[in-house]
Amino acid sequence: MENARNIPPTGIRFPDWLKDALKSAASKECRSLNGEVIKRLEKSLREEGFLSGN
């Protein structure tokens, strides 16, 4: 992700079970938790037609 340090943080609360699942998936893919959340959100939004390209 380009210039990640320049993006202001967004506080999101996750239930422990969801955070644990995301951490596990991130670890398997050698990504950070943040990177995994972004990947999954982008995929979901693209599949539902809210994003194109990028």
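This is a predicted model: local features need pLDDT of at least 70, side-chain atom pairs count only at pLDDT 80 or more; totals for chains, interfaces and linings use all residues.

Me: Is Glu-36 buried or exposed?

Reply: Glu-36 is part of helix 2. Its relative accessibility is 0%.

Me: Which residues is Glu-36 in contact with, leaving aside its neighbours within four places in sequence?

Reply: Contact here means heavy atoms within 4.5 Å. Sequence neighbours within four places are set aside. What remains for Glu-36 is Leu-22, Ala-25, Ala-26, Glu-29 and Arg-31.

Me: How are helix 1 and helix 2 set to each other, roughly parallel or roughly perpendicular?

Reply: Helix 1 covers residues 16-28, and helix 2 covers residues 33-47. Their axes come within 9 Å and cross at roughly 95 degrees. Angles of 65 to 115 degrees count as roughly perpendicular. The two helices are therefore roughly perpendicular.

Me: Which residues of helix 2 meet helix 1?

Reply: Helix 1 brings Lys-19, Leu-22, Lys-23, Ala-25 and Ala-26 to the contact. By class, the residues of this contact are five nonpolar, no polar and four charged. On the helix 2 side they are Leu-33, Glu-36, Val-37 and Arg-40.

Me: Where does Cys-30 lie, and is Cys-30 buried or exposed?

Reply: Cys-30 sits in the loop between helix 1 and helix 2. Its phi is near 55 degrees, a positive value in a residue other than glycine. Most residues other than glycine have a negative phi. At 76% relative accessibility, Cys-30 counts as exposed.

Me: What is the separation of the C-alpha atoms of Lys-39 and Ala-26?

Reply: Lys-39 belongs to helix 2. With 30% relative accessibility, Lys-39 counts as partly exposed. Lys-39 and Ala-26 are 13 residues apart along the chain. Their C-alpha atoms are separated by 9.8 Å.

Me: How much space lies in the largest pocket, and which residues are closest to its centre?

Reply: The largest pocket holds about 440 Å³ of space. It is lined by 15 residues. Closest to the centre are Thr-10, Ile-12, Asn-34, Val-37 and Ile-38.

Conventions:
Residues are numbered from 1 along each chain as its sequence is written. Side-chain values use heavy atoms; hydrogens and water are left out. Axes are lines fitted to C-alpha atoms, for helices over the stretch in contact, and angles run from 0 to 180 degrees between N-to-C directions. Helices (H or I, at least four residues) and strands (E, at least two) are DSSP runs, numbered from the N terminus. Angles under 35 degrees count as roughly parallel, over 145 as roughly antiparallel, 65 to 115 as roughly perpendicular and the rest as oblique. Ala, Val, Leu, Ile, Met, Phe, Trp, Tyr, Cys and Pro count as nonpolar, Asp, Glu, Lys and Arg as charged, and the others, Gly among them, as polar. Buried means under 20% relative accessible area, exposed over 50%, partly exposed in between (1.4 Å probe, protein chains only). On a 1 Å grid over the protein atoms alone, a cavity is a set of points where a 1.4 Å probe fits but cannot get out, and a pocket is an open set with protein on both sides within 12 Å along at least five of seven lines; lining residues have an atom within 4 Å of a point. Grid points are joined across faces, edges and corners, and a volume is the space filled by probe spheres set on the points.
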